[in-house]
Amino acid sequence: MASNKKYWKSEAELNPNDSIVETLRQNEFTEQIPVDEFLGDKENLSASNTNRRDFLKYVGFSTAAAAVAACEGPVHKSIPYVVQPDNIVPGVANYYATTIADGFDFASVLVKTREGRPIKIENNTDAKVNGSANARVQASVLTLYDSKRVQGPSANGEPVEWKVLDATVKAKLGSLKGSNRQIVLLTQTYASPSTDKLIAEFKEAYGENVNHVVYDAISEDAALNAFNEAYGERALADYDFEKAELIVSFGADFLGDWQGGGYDSGYAKGRVPKHGKMSRHIQLESNMSLSGANADKRYPMTPTQQKIALAKLYGKLNGSSVGGGTSDVDEAVDKVASELKKAGSKAVVVTGLNDVNAQTVVLAINKLLASEAFDAENPRYVRQGDTAKVGKLIADMNAGRVGALIMDGVNPAYTLPNAEEFVSGLEKVDVSVAFAFNNDETAQAAGYVAAASHYLESWGDAQFRKGQYTLMQPAIRQLFDTRQFQTALLTWMGSEKTYYDYIKETWSTDILQGGSWNKALQDGVFVASSPVAQEEGAVAASQAEAEEAEGESTVVPIASAIRSLVNAASTGTELVLYSKVGMGDGRQANNPWLQEFPDPISRVSWDNYVTVSKADAEKWEVENKMVADGGVNGSYVNLTVDGKVLENVPVIVQPGQAVGTVGLSFGYGKKAGMQSEMATGVNAYALYSNFSDVQSVTIEKVGGEHEFACIQSQKTLMGRGDIIKETTLEIFNTKDHAEWNHMPHVSLNHNEIPVTSPDADLWDEFDRSIGHHFNLSIDLNACTGCGACVIACHAENNVPVVGKAEMRRSRDMHWLRIDRYYSSEETFEQDNEKKDGMDGLWGEKGSLGGFREMEDPSANPQVAFQPVMCQHCNHAPCETVCPVAATSHSRQGQNHMAYNRCVGTRYCANNCPYKVRRFNWFLYNNNDEFDFNMNNDLGKMVINPDVNVRSRGVMEKCSMCIQMTQKTILDAKRDGRVIKDGEFQTACSAACSSGAMVFGDINDNESKVAKLKEDDRMYHLLEHVGTKPNVFYHVKVRNTNEA
Amino acid sequence: MKKVLYRHLFSKILGLSLLFFSISFYAQEEAAADAGGGDPAKGKQLFNQNCAACHSLDRKMTGPALANVESRLSEDQGLDKEWLYSWIKNSPGMISSGDSYANAIYAEYNQAAMTPFPTLSNQDIDDILAYTAAPPAKPVAAAAGGDVTLTPAQSSGISNEVILGALALVFGLLVIMLVLVNKTLRRIAEANGVVLENEKAEKRLPIWKAFAQNQFLVLVSAIFLLLASAYFAYGWMMQVGVDQGYAPVQPIHFSHKIHAGDNKIDCKYCHSSARVSKTSGIPSLNVCMNCHKSIYEYAGNPEGPSAEDLAAGHTNEFYTAEIKKLYKAVGWDEENQKYTGETKPVQWVRIHNLPDFAYFNHSQHVSVAGIACQTCHGPIEEMEVVEQFAPLTMGWCVNCHRETNVKMEGNAYYEAIHEELSKKYGVEQLTAAMMGGIECGKCHY
């Protein structure tokens, strides 16, 4: 016996004299099953005239009868409105302009509602700033229908009524008025003029001891402070990357969530070569970020190296010499500096280093360059968190100086590195109210939980950038007994006003300047024609102040900033914390669409992980490997920061990760208020000490293997230049397109002919010249890989969520995937050369060893993203092999899929060269095995009524959003008009804010897509197969011209 | 011949009786007109045009009941005709002028101001008042007419039976005659000594044995039988899930015959979303109340319920009770003429159950193609209980798309397509199929 422990199943076992225990030890049941009694009764048995055969007959007949009876159709009830609202016509969608401002994501969006249910988020193209919905905003409509939502207010876990909560809070606030104990409002960033005004009034009402603390889970404190120092306002500089010809980024993932995000559309516009010119992007970073993946030149550097490089760069530009620091960055700095000098005001420098010195230096560089893309006069307000105040608040709470704490849009018990301290402090607060969406960590610790409304149920406003106002309006009535924070504040202030009235009042007095409220509400955005009068004075004063201050004192802080930057020294391995495109700060972690969304870089879903470079992986003996079931497994490590240990963190070996650094994403590891399926990953906030995203870490390998749900195991392109075609700007400008966009040739009668030639074709061509012929254009230069289209497709087409285990088996159902490829050499070009240069099987240039080498991406690879959906081939291989003609072709260019006809042979998927067909292995709706949004009534409200919910055993795939094209055609027919270009959209093309996806009718010669099809960069995926797809791509051009 | 004669007779009686009642009715009206100085016939017309939306003669509605309003006012309130003139022409003015009865009435009817009718002349108002003074005509004539109309219906039933009976009798007689002739012939034959060859016939093979021995015949008939049974089995299988003729009982007996047939209400008045949406929409109850706020009982057709209706129990009282069901569902308090807010949505039984995987858009067919509702839904205006008229099978859809010419004239969307497709197919009129209307994905996605 290895252990003396006694295990027992029931209390009775503890009693040694219990007879039942003794019996159970011998037998399965305490009493004998009376089998003999039944079988032994020969008389009865023989008298019975039901023998075994009869029994089977009865079973057979009753089954058949049941089957026949099932032919009778069920009775369906139809319940119309008693009083139908004027603006609702059943079957017709309404769109409302609103705004998401949840503290992390800020965007002006349109909400599509059907029969009063919001079902989809679309971009608001009228908005100049943040008018595009990223993947999380696209998915936020499902968060509205989160089954784990808090459905009503509660006190200490017991449901209460709002009036009880109101009375308690009001009484407490009244008693604290004038006392020396604080009333603290701990909130997210609102960027809302009305909320700011309301909080100011709240302060007036309850006196000096009201303290408003803004807290961003992922802090931009350094940038805010640096800007404040330079320009006298706690805000963030705005950048217009479209105007930049050279973008240099020091660890700023500006295509991700850097400083509130929303920069990708401007960036993408500058990246498309026009008149032989495109912007050049240099990225110096440690983790492989979305921005780094899109860069023309990427230098992997540790944060310390980045700081030193930044300091030296400033010296180079300024003409002063900056001594000290390591010299390993000098080469990069020289190159960057000379390019910057050449580009001058057309260049811009940004940094994501959460270091006030670095931010100050970057502001100074942009000023030095007189960068046109840099705008400090109209700053952004989308991050306002103040970590110093948060730190002080926790100290105050623990010291008992806080009487009431009201929280909204924050989850400090999860997102604070010192969450335990916060929770213990919370206990010392007399009244704590948490406005919570889920019963999360903070809600569980707080005394009162005020059920918060979703933004689609709320009124609100926001000012993303100075002068750019947006309005938030509810698209549905509160689903539950919830309330938004502002309404509660008004109530507690004793105001009779609704928050709607309050906003309207604020707008008509302060913002609209005589403009129409209704128009602003309809557009969702309002641009102040001139800065608001009262602010103007303040701004001018502060600017004058700043300028004055500059003359005397700027030299000193810059110099000291440079000094401290250049003296940065790393202590061992640096952990760089970042936010993932799919999860952000984790406030939507209970959203299955986002969990299932594969990370654009690692292609891993349902997890976070520590990313390590290949060199470090070898050093620590951690690895990723493919296992027999086709999945990817990774080693576990323990991360230790300042004595805090994060245990069993899985490892992903990340090409391009700077040696000496590891990365870990926020937003995972949330446990409270979550469905168990969605409680994935580890909580990186625990290591977010002092709100610094760079930490010194020690790594220790531990046993076991983690099973990843990674849906792309193929990492490199293996020199297959016909999948992603790539060239450099120089070649693109100087050489004929036949050279860099080569048309494959086939041999006919020993003559080489292009594969698109009719002679090379076995098929009878279908006449598509009449009516519409849809094509989708995807520009690999403009595509940043952000993944908004993936979620948009998910929402539009009722794509089911399959869960981690199925994802691991490559049974993902995404109709649209974004493939990510690394180059195995320095560039894809070199991959191609290496492949073409292979000779024989063995030897130095042998293909056996050569291909094996090519499987591994290089340490600092080039990255390419490629969205792939059904290519809607005109000569579709899938159609010819379907035994039941379930998939067939249309004259509009769409490849149709009739689900009710499909019998599930999967021949089509096997014959598809693009692997875009998805098979429903299981019933994904109303199935407890797949307990996601399609398994509960609330989550089903997001389903698009115009698209089928597919059943088990059926093949499905991208339909090129035929429900949308048909709707456009129908509307035009009804109005009796010709369809204009741009009216035809698919979910993905409508969601694409970077302009990479353009959809339209190529029979309309004037359409954008028809012109794009004639472009020299146009190519089809796997052209040589001869499928003649209706989706085409544009060759990726990299600006490798080093100035 | 007899039947025709009867019918003429009855219709004459009907005509006579109607004539009699109408004469007496007009006499009444004339008497009333003499008394008030107005023309009740003209008044009735004016009343229906201007007043009936809010007033009834003998019943409180949005406004008060107006039967004998003139005498009632002068007796109860001491108000003369002049007061009525000014009230009707400018009621808000009266209210603001502080007239006590005007304000009392205004308060009593939920402060719903009466629309002023400045265009009505005093003579018009006299006519209306004359109409309101005349006692409303009771539907006596209708009841009497009902009795009259019943008889011809019955008589036609009897005549059918008589014809059948007569036919049967004739056939019976023929059979008897044949037997008798046969008997007589035999007797004659016996008398003449002719021997009947019955014995020979017995030696012949029975026909079924002969059939069984002829293998070819057996084979052919077996194949025929198999094919026939396969045909019927197939036919039976194909109707599984096809609910043509499905006419479920609805929670409120809504008669399309009365609404769309008798009253000729346009289908799209109630099913308005058919114009713009994929669904035709079951009308919400507020649409019903547009009319049923004032139509609170079923007065029936002037001749009263037909025999058929009576047999089904569809009396006027029955229909009126159905209207009350509507009031209950929508929460309409008839007494006080206001909504209580207690609603009970009606759970209609869906008749046309198109499966989810088939996409059908009403507006495409109704607004764009201009197809009459009856094309697919059948003679709805004749249906007392709606039933599924069309089979709603894919074959049925596709057939129509193949055969029907698309209405393209005057639609700018179709111009280019029409021109090019006409050239391609060499026809002037295009069907939906030619435009790709039978491709799978057009309806299945």
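User: Let's start with strand pairing in chain A. Which residue does A:A97 stand opposite?

Analyst: The general idea is that strands of a sheet pair through backbone hydrogen bonds, either parallel or antiparallel. In this predicted model, A:A97 stands opposite A:L110, which belongs to β3(A). β2(A) and strand β3 (residues 106-114) of chain A run antiparallel, with nine bridges joining them.

User: What is the order of the strands in that open sheet?

Analyst: The order is β2-β3-β4 in chain A, three strands with antiparallel pairing. β2 (93-101) and β4 (117-123) of chain A each have a single partner strand, so they stand at the edges and one side of each is left without a neighbour in the sheet. On average, neighbouring strands here are turned by 35° against each other, if you ignore direction.

User: Which helix packs on the sheet?

Analyst: That's helix α5 (residues 135-144) of chain A, and it touches β2, β3 and β4 of chain A. Its direction makes about 170° with that of β4(A).

User: Okay, on to the two chains. How many residues of chain B are in contact with chain A?

Analyst: A general point to begin with: the size of an interface is often given as the accessible area lost when the parts come together. Here we can look at residue counts instead: 45 residues of chain B are in contact with 39 residues of chain A. Among the elements of chain B giving two or more residues to that side are α14 (285-292), α17 (362-368) and α20 (412-425). α20(B) gives the most, with six residues. By class, this side of chain B has 19 nonpolar, 19 polar and seven charged residues.

User: Where do strands of the two chains join?

Analyst: Look at strand β1 (residues 77-78) of chain A: two bridges join it to β3(B), and the two run antiparallel. In this pairing, A:S78 stands opposite B:W348 of β3(B).

User: And chain B on its own, how many helices and strands does it have?

Analyst: Chain B has 21 helices and three strands. It runs to 445 residues, of which 17% count as buried. Take its contacts between residues at least 6 apart in sequence: 68% of them join residues at least 24 apart.

User: Last one: how far apart are domain 1 and domain 2 of chain A?

Analyst: The domain assignment puts domain 1 at 154-219 + 385-527 and domain 2 at 221-380 of chain A. Their C-alpha centres lie 35 Å apart. Eight residues from domain 1 and six residues from domain 2 make up the contact. On the domain 1 side, that's one nonpolar, four polar and three charged residues.

Conventions
Residues are numbered from 1 along each chain as its sequence is written. Chains are lettered from A and ligands numbered from 1 in the order in which they are written. This is a predicted model: local features need pLDDT of at least 70, side-chain atom pairs count only at pLDDT 80 or more; totals for chains, interfaces and linings use all residues. Two residues are in contact if their C-beta atoms, placed from the backbone, lie within 7 Å. Helices (H or I, at least four residues) and strands (E, at least two) are DSSP runs, numbered from the N terminus. Ala, Val, Leu, Ile, Met, Phe, Trp, Tyr, Cys and Pro count as nonpolar, Asp, Glu, Lys and Arg as charged, and the others, Gly among them, as polar. Two strands pair if DSSP finds at least two bridges between them. A residue is buried if 20 or more other C-beta atoms lie within 10 Å of its own, exposed if 12 or fewer, and partly exposed in between; C-beta atoms are placed from the backbone. Axes are lines fitted to C-alpha atoms, for helices over the stretch in contact, and angles run from 0 to 180 degrees between N-to-C directions. Domain bounds come from an automatic or database domain assignment.
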